[in-house]
Amino acid sequence: MGISFRSRWVFLPLVLSLGAVSLYFLRLSISREAQPLPENPAHPEPAKGPVYKDIHREVAPPLPEFFPLAAKASSPSDLPPVPSWNRPPEKHVPEETRLYIGFTRFWPLLQQVVVSYIAAGWPPEDIYVVENTGTMDANKHGLLTIQNPFYLDYHRLTKLLGVNIITTPSLQTFAQLQNFYLSEAINNNLTYYFWSHMDVAVHSHEDKEPFKSLYMRAVDVIRETEKPDYLKDDEGKKGEWGIQFFAYDWLSLVNVKTFSDLGGWDTMVGYYGTDCDMYARLSMNGYHQPVQDAGMIYDVTTSLEDLEVLYRRRPKKAETRDTSDRKAGSYNATLPSPNKGYLESTEEDERGAEGFKKLAATLEQIQQDKRDDKYRNSWQLRQNGGEGEPYYYDPDGFEKALQMTIEVGTKINEEKWGHKGCDLKAAGVKEGDQWRVEHDSTFDPPPPKGRQ
């Protein structure tokens with residue numbers, strides 16, 4: 001039975017009432033959502049910008065001038081001559097004796113190591129400073145100040161000391177820098193090359209007979225490796241060498257072919273541990289790593305007060321030398337004039353004499369101080385200036401990032417070999433085990449006795 005038209009109007013008020021009620025509650029819900037939430041002290045609003053660290057950085061004192069004669073010199077002739085007993089042959093030896101020295105931070109140590117090699121007889125033209133600062137050509141154009149950690153004196157190195165500078169395209173890790181040396185050697189068709197740490201100082205064995213300079217002793221090592229019977233075993237089989245150590249790798253002679261055959265350095269292990277990996281792989285593959293002696297090589301953390309002592313000269317008559325107030329670029333008037341008159345006021349010391357003993361004792365003490373320093377590379381933190389200069393990098397941030405990178409590289413090497421520590425061959429791993437072995441007991445050492 002259908003509903004009449006008149007009956008339908010009975011439902012209209014009901015429908016309108018329901019619609020009005022629904023609209024009311026909808027508007028009430030929207031208005032509540034639009035109202036701000038009450039403040040909750042337990043959950044404060046996020047900051048409207050970064051919260052800065054409370055940093056109080058002490059400004060490092062100005063670096064002194066550690067080579068006053070060079071600061072006043074206008075040409076190489078204003079510098080002291082290399083001691084006669086150390087001078088390299090006038091005609092270069094037939095062997096290639098290129099020496100790479102990497103630099104990132106702290107100019108005084110770089111200057112010292114370069115001067116010490118020159119004074120020990122190394123031809124300046126064979127020394128290549130590899131500027132690994134990440135500051136592109138800023139040093140070449142003199143755009144950095146001496147308080148900048150990445151500063152080096154481009155003019156002094158190239159025009160006065162006569163050495164070469166190669167600038168890396170960007171800041172590189174230790175392992176990358178080693179492969180850069182290898183690449184340079186390959187591109188220059190070198191069979192071998194030397195490389196040295198920058199935080200060392202060297203001198204010849206003046207007190208040993210028959211005497212040879214540090215440089216000529218290093219040349220003798222090359223000549224020894226080229227002998228037909230070098231490293232032959234009892235059966236007449238000739239062995240192959242990978243690297244020759246002079247005081248570990250503070251100074252090293254590298255066999256280019258050997259390092260190339262092994263794929264160079266593992267750049268995934270950027271710093272500490274990468275030497276363990278490289279030298280262990282040499283051993284695993286049967287390459288010899290002889291230990292040689294060319295001269296005294298010191299691991300140092302600071303510079304000698306005056307690098308003039310490395311040239312082994314003595315005054316002809318007593319003179320007063322005050323080094324208590326030698327700011328960078330200054331020159332003490334009581335020193336001999338750094339020109340031709342310098343030779344007139346000084347004379348060459350005797351080889352192995354008291355001056356040599358004092359020099360050796362001083363460097364030995366500097367080395368001991370480094371050994372006693374809890375943070376042996378504290379010399380890297382002695383400059384914190386340069387803000388506003390090209391390619392500036394916050395010094396504290398650089399150090400923190402470096403330590404984090406070192407830590408990651410160490411962990412990578414441990415995972416690579418499944419072993420913690422440098423004694424990889426003793427741990428029983430061999431070539432081909434990389435990334436294929438489980439963690440050994442060095443990751444989870446057994447508990448001490450009595451705590452089983």
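A word on the source: the model is predicted, so local features need pLDDT of at least 70 and side-chain atom pairs count only at pLDDT 80 or more, while totals for chains, interfaces and linings use all residues. Residues are numbered from 1 along each chain as its sequence is written, and side-chain values use heavy atoms, with hydrogens and water left out.

Let's start with charge. Side chains of opposite charge can pair when their charged atoms come close. Here a salt bridge means a side-chain nitrogen of Lys or Arg within 4 Å of a carboxyl oxygen of Asp or Glu. How many salt bridges does that rule give? The count comes to 20.

Take K208 and D293, which form a salt bridge at 3.3 Å, N to O. K208 sits in the loop between β5 (200–203) and α7 (214–225), and D293 in the loop between β8 (291–292) and β9 (296–299), 85 residues apart. Those helices (H or I, at least four residues) and strands (E, at least two) are DSSP runs, numbered from the N terminus. For accessibility, buried means under 20% relative accessible area, exposed over 50%, and partly exposed in between, with a 1.4 Å probe and protein chains only. K208 is partly exposed at 34%, and D293 is partly exposed at 38%.

K212 and D220 make another salt bridge, at 2.6 Å, N to O. K212 has 38% relative accessibility and D220 has 26%.

Now, R312 and D349: are they buried or exposed? R312 is buried at 3%, and D349 is buried at 8%. Their side chains meet at 2.8 Å, N to O. R312 lies in the loop between β9 and β10 (313–315) and D349 in the loop between β11 (346–348) and α11 (354–372), so the pair ties together parts 37 residues apart in sequence. Shared partners join E206, R312, R314, E347 and D349 into one salt-bridge network.

α4 (107–119) and β5 each supply at least two lining residues.
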